[in-house]
Amino acid sequence: MSINRNILMPLHLLLIVIFSITQVNANERQEKHQQLNMKLSAFQKAFESLDTKQLQNIYHEDAVFISENRNDPIVVGKQNILSRYQHFFDKITHKNARLEVDFRVVERNIYPQNVIDIGYYIVRFHPDKASGDPISEFAGKFVNNYIEHKKDNWLLTVDSNTRSQAELYYNAKPIANLYYGRQFIQPTE
């Protein structure tokens, strides 16, 4: 039995095209992961420097913030969200304290026009050393929705979080390509 070489050539080309498309899609996904991970890193830096200006390039103008506090209203609009953070940062500054924040993304759903990140966060509050108070922390779960505002510029449109036990953050396992923070170690009591 002989195979017609005229048939093999188009099959060979088809396989090359399929491989090339798959490789492009894998590269695009990797770039999206890196861009979104950089947004979480920028968020972390803004919290640690208590600087809302660093949040300007994270939120979309029409973003929505849903707080972990069940008594808080839904905050609509980037400027209102930034004002809320500024109020919080001012309290920390007034106490001569500082914050550390970290994230662990456990699920990332990538769609053509938006991305949903799901994970855990932790915030450590470092009081003024003169107070003698210990470092405290609180943790929670989050769901963030990003849209691609311009090519390769993802903006947060929905920032939603709830409180949870810190162990959920500490027990979250790293997943390839997803933001996993700085490897905070659970404090011992």
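**View 1. Helix 2 in the lining of the largest pocket of the predicted model.** Helix 2 contributes five residues, the largest share of this lining. Helix 2 spans residues 78–94. At least two residues each also come from helix 1 (5–49), strand 3 (98–110), strand 4, strand 5 and strand 6.

**View 2. Centre and composition of the largest pocket.** The space in the largest pocket amounts to about 590 Å³. Of its 27 lining residues, Phe47, Phe65, Glu68, Tyr85 and Phe88 lie nearest the centre. Sorted by class, the lining holds 15 nonpolar, seven charged and five polar residues.

**View 3. Pairing of strand 4 with strand 5.** Strand 4 covers residues 114–126 and strand 5 covers residues 136–150. The two are antiparallel and are joined by 12 bridges. Ile118 has Val143 of strand 5 as its bridge partner. In a regular strand, side chains alternate between the two faces of the sheet. Both strands also supply at least two residues each to the lining of the largest pocket.

**View 4. Pairing of strand 5 with strand 6.** Strand 6, residues 153–164, runs antiparallel to strand 5, with 11 bridges between them. Lys150 is opposite Asn153 of strand 6. Like strand 5, strand 6 provides at least two residues of the lining of the largest pocket.

**View 5. The hairpin of strand 5 and strand 6.** Two residues lie between the strands of this hairpin. Asp152 in the hairpin adopts a positive phi near 65°.

Definitions and conventions: Residues numbered from 1 in each chain as written. Predicted model: local features only at pLDDT ≥ 70, side-chain atom pairs only at ≥ 80, totals over all residues. Heavy atoms only, no water. Pairing = 2+ DSSP bridges. Helix = DSSP H or I, 4+ residues; strand = E, 2+ residues; numbered from the N terminus. 1 Å grid on protein atoms, 1.4 Å probe; cavity = no way out; pocket = protein on both sides within 12 Å on 5 of 7 lines; lining within 4 Å. Points joined across faces, edges and corners; volume = space filled by probe spheres on them. Nonpolar A, V, L, I, M, F, W, Y, C, P; charged D, E, K, R; others polar.
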